Amino acid sequence: MIEWDVFISHASEDRGAVARPLADILAATGIRVWLDETELRVGDSLREKIDDGLSRSQFGVVILSPSFFGKQWPKAELDGLIAREKVNTKVILPIWHDLNVDLVRSYSPILAGRLAVSTAEGLQHVAKKISQAIRAVGRARPTARPLYAGKLTKSILLSLPIGSVLITNTVKPDLTPLFVEELGTAEAREELWKRLRIAHAGGKVYVFEDMAHMRSHLEARHDWLPDELRK
C-alpha cells in the first residue's frame, strides 16, 4: 500500500541543510515525500509512525553523514529499508553528505559499494538523480490518500503539480463538488483562483495525482460520485 514515493531518513543535524530543502525540491516536482517533521504530530508513537512511513514508501532516501552514523535511530531506519530489499529490487537511494568513500567504508563497507550521489554536487542534482531512479523502475501507484488536503491559499494553488486534480469540499445542491479542476499553467491557476473566490469556494480542498486517483478516493468514501466522474 504505497502512499509516498520516498521516505527521507536522516540525522536531525542534517535536517536544515539537506533533508528539508531536498524534500521541498522533490515535492515541488510532484514527488510524494515522507519527512518526519511534516508527518509526525504531538502525541504520535514515533516508532509506529516511522515504521508505517517506511512500509508505505517506494524508496528510502538515506542521507549518510558523520551525524547519521553516530546515531542509533537513523541506523535502525536503514536496517528496516535493507530488510525490504530483495534480489534485483532497489529500495535504498544513498546520499553522501560531508563524506568520501574512505569515510563511508570505515562506517560501512557494504554501503561504500553502493552507487550514491553527493550533496557536494548540489541538491538540485541530488533531486534529479532521485527522480531518475523512480522513473527507471516505474512509479508505484498511490493509495487513495490525497496529495494535499486542507485550506486552499493562492500560494498552495500555484505550487501544486501540473496535471493534478483539485476538488472542492464545497458542494452544489445535489451534493456534487462545486469545482473539479485539472491544474495547468500558472495563468490558468490565477483565473481558477478568481473563480474560486467569486464562488466562495476557497476553503478546504483535496488534490489528487490525476483523475483516476481522485475517482479511487471518491468511490472508496462516497456514494454520490456523479456518472461523468466515473468514466
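This is a predicted model: local features need pLDDT of at least 70, side-chain atom pairs count only at pLDDT 80 or more; totals for chains, interfaces and linings use all residues.

Reader: How many residues does helix α8 have, and what span does it reach?

Author: Helices (H or I, at least four residues) and strands (E, at least two) are DSSP runs, numbered from the N terminus. The expected span of a helix is 1.5 Å times one less than its number of residues. Helix α8, residues 123-137, has 15 residues and reaches 22 Å from its first C-alpha to its last, close to the 21 Å expected. Just after α8, Gly138 takes a positive phi of about 95°.

Reader: Which residues of α8 are buried?

Author: An α-helix has 3.6 residues a turn, so residues three or four places apart point the same way. Buried means under 20% relative accessible area, exposed over 50%, and partly exposed in between, with a 1.4 Å probe and protein chains only. In α8 the buried residues are Leu123, Val126, Ala127, Ile130, Ser131, Ala133 and Ile134. Viewed down the axis of α8, these residues fall within an arc of 155° (taken from the directions from the helix axis to the C-beta atoms), so they line one face of the helix. The exposed residues Gln124, Lys128, Arg135 and Ala136 are carried on the face turned away from the buried side.

Reader: What covers the buried residues of α8?

Author: Contact means heavy atoms within 4.5 Å. The cover includes β1 (4-9), α1 (15-28), β3 (57-64), β4 (92-96) and β5 (117-118).

Reader: Where does Ser118 lie, and is it buried or exposed?

Author: Ser118 belongs to strand β5 and is buried, at a relative accessible area of 18%. Leaving aside neighbours within four places in sequence, Ser118 is in contact with Trp96 and Val126; Val126 is also one of the buried residues of α8. A polar atom of the Ser118 side chain lies 3.1 Å from the backbone nitrogen of Ala120.

Reader: What is the order of the strands in the open sheet?

Author: Two strands pair if DSSP finds at least two bridges between them. The open sheet has four strands in the order β6-β9-β7-β8, with antiparallel pairing. Its edge strands are β6 and β8 (180-182), each pairing on one side only. Strand β6 (residues 148-151) pairs with β9 (residues 204-208) over four bridges, and Ala149 has Tyr206 as its bridge partner in β9. Four bridges also join β7 (residues 165-168) to β9; in β9, Val207 is the bridge partner of Leu166 and Phe208 that of Val165.

Reader: Which residues is Val165 in contact with?

Author: Val165, found in strand β7, counts as buried at 0% relative accessibility. Leaving aside neighbours within four places in sequence, its contacts include Val180, Tyr206, Phe208 and Met214. The C-alpha atoms of Val165 and Pro146 are separated by 9.8 Å, with the two residues 19 apart along the chain.

Reader: Where is His10 found?

Author: His10 is found in the loop between β1 and α1 and is buried, with a relative accessible area of 7%. His10 and Val62 are 52 residues apart in sequence, yet 6.2 Å apart in space, C-alpha to C-alpha.

Key: Residues are numbered from 1 along each chain as its sequence is written. Side-chain values use heavy atoms; hydrogens and water are left out. A polar contact is a pair of N or O atoms within 3.5 Å; within protein, one must be able to donate a hydrogen and the other to accept it, and residues adjacent in sequence count only if both atoms are side-chain atoms.
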